[in-house]
Structure formats: structure tokens, C-alpha cells
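Here is a short walk through one structure. Keep the sequence and the 3D view side by side as you read.

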Amino acid sequence: MIKEKEITKLIVSEYFDSILSNIEIDVAIVGAGPSGLTAARILASHGKKVAIFESRVAPGGGMWGGGMLYPVIVLKEGRELLEEIGVKCRQKNGYYIANAIEATSKLISAAIDAGALLYNGTTVEDIIVKNDRVAGVVINWTAALQLGLLVDPLSIEAKFVVDATGHECYVVRKIEKLGAKKMQGEKAMWAEMGEKASIEHTKEIYPGLYVAGMAAIAYAGAPRMGPIFGGMLLSGKKVAEDILKKL
Ligand code: 48F
């Protein structure tokens, strides 16, 4: 016999058990694009308590669409970060190519398999700052925010927060009110420079707050790179390794 009330009970209790045991975590990653997912996988595989907060229902960010909705991604560097999670990469004309849908879905499942928690439909609307240090994230239902409802948020304490929100660079803009350097905004496309810059600018930009992926590019005012994705993956790896040294 299938009982509606049991289905409801299972969903609600499962969700609340999960959120209750993750009110205090090691790393809160904001945004489930390729950089955030890679960072989450590596941190979780080292036994760290990691949660990714993703405002959309479907995680994956800008990778699903490949280039202009042709579901193919191109890589020059960093293909090992896809191959180690089982994504098939093929060499062509001095580059590597992969199926965007395969790569995105495997990045999501690899992060979850490693033990990262993924809260979708959940927007980080602000950060917690104590004694000049970022100490967590302030979350709310994306749906409530989109409807413009006056609903107070909840908070998750984290030792480190990663802004992996892509072009929006959402979290970083919150520290401007604390007098930190302003986001510069991404520059016009220059794929080679953008790829290098995405790794170079992945760093702690305020105590407790790191930028990764396109958010690092946008913060630093570096060029965008379009549908070449190695820099995003390598940025995720770098932020994970930098945080691991401090945890
Ligand atoms: O944009 P996105 O894929 O970030 P990324 O990891 O990768 C960028 C590439 O996809 C591509 C590119 C480089 O090749 O140009 O664009 O830097 O994913 C960012 C995710 O963050 C979510 C957003 O829905 C997306 O899935 N996001 C943005 N703001 C928030 C958020 C927020 N305030 N709270 C939660 N999630």
C-alpha cells in the first residue's frame, strides 16, 4: 500500500535531518557551476563538510548549454578533472572536446558521490560577517525572493565561503558594503588570457571569502573566455586546495 502521508513524511524528515546536521559546516559554496562543483567534490573527498547552495532547481550553471546551446565544451588544460570522474574527452585540432551534458551531469554526481550536499532552489542572499571575517551564508528560497515576499532568511555558519556564482559575482558584491575592493566586472572576450586569469585570480579576497570561476574573473576585471572550460575546473581545484591548507 502506498500512503500519501508517508511520502510527505519521508521527504520532509529527510530534508530537515539534512539541514539540521549542516547548520555548521567547513565550506559553503555558492553556485553549482563547474568551478563550484569541482571545488565541492575535492573538498568533500578530503572528508570536509561541504554544502553547495544553488539558486536554480537544476545545478550545473552555464555548462549545460556548451557554446550557444551546441552541447559541446572545449578544453585546452584541465581535462584530467573531467576524465577522473569518467567524462570522455577527445583530442581534436590541438584541443580536447567533451559532451556538455555528460560533463555537467557527471560533475554534479561526482560532487554528491564525494559527500558534498547540494541544496537547490536556495539562494544565498547575504553573508554573515563577524569581527571582519566572513563566517557563513544567509539563505532563502529562490521562489520567495522571486515573488518578492517579505520572508526573513536562515543562516548557515561556515569556516570558509566560496563565491562561485559565475558572471553575477553575487556574494562578493555583499562585501563592498564592508569597504572591500569593488568588483571590477569582466572584460571583453580573450580566451587565452581569460583561461590563465581564472586560475590566477582564484583567491581569498576577504578573510574567509574566496572567489572561483567566472566570479574570480568578474571580481578582478579579467577577460571572459567563452565556452572553453578548463580554467573553470582548475579554478575549482585551486580554491579547494587553498582551503584544504587552512582547514
Ligand atoms: O555561471 P556558472 O556556471 O559558474 P562558473 O563555475 O562557470 C562559468 C561557466 O559556466 C561559463 C563561462 C566559462 O566557461 O563563461 O559561464 O564560474 O554557475 C554559477 C551558478 O551560481 C548560481 C547560478 O544559478 C549558477 O548555477 N548562483 C548565482 N547566484 C547565486 C547562485 C546565489 N546568490 N545563490 C545561489 N546560487
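**From the ligand to the rings**

Gly226 has a backbone N or O atom 2.9 Å from an oxygen atom of the ligand. This is a polar contact, a pair of N or O atoms within 3.5 Å; within protein, one must be able to donate a hydrogen and the other to accept it, and residues adjacent in sequence count only if both atoms are side-chain atoms. Gly62 also places a backbone N or O atom by a ligand oxygen, at 2.7 Å. Glu54 uses its side chain: an N or O atom there is 2.6 Å from an oxygen atom of the ligand. On its own, the ligand has 720 Å² of accessible area, and the protein covers 94% of that. Such areas come from the Shrake-Rupley method with a 1.4 Å probe; for residues, only the protein chains shown count as cover.

The model is predicted: local features need pLDDT of at least 70, side-chain atom pairs count only at pLDDT 80 or more, and totals for chains, interfaces and linings use all residues. Residues are numbered from 1 along each chain as its sequence is written, and side-chain values use heavy atoms, with hydrogens and water left out.

How many residues surround the ligand? There are 29, and the closest are Ser35, Glu54, Gly62, Met214 and Gly226. To be near, a residue needs a heavy atom within 4 Å of the molecule or strand.

Now turn to the rings. The whole structure holds five aromatic pairs. Rings of Phe, Tyr and Trp (its six-membered ring) pair if their centres lie within 6.5 Å; planes under 30 degrees apart count as stacked, over 60 as edge-to-face and the rest as tilted. Tyr15 and Phe16 are edge-to-face because their planes stand at 85 degrees, with ring centres 5.6 Å apart. Tyr15 also pairs edge-to-face with Tyr119, at 6.0 Å centre to centre and 80 degrees between the planes. That pair links distant parts of the chain: Tyr15 sits in helix H1 and Tyr119 in strand S6 (residues 117-119), 104 residues apart. Helices (H or I, at least four residues) and strands (E, at least two) are DSSP runs, numbered from the N terminus.

Is Tyr119 buried or exposed? Its relative accessibility is 5%, so Tyr119 counts as buried. Tyr15, at 28%, is partly exposed. Phe16 is partly exposed too, at 46%. Buried means under 20% relative accessible area, exposed over 50%, and partly exposed in between (1.4 Å probe, protein chains only). Ring pairs join Tyr15, Phe16, Phe53, Tyr119 and Trp141 into a cluster.
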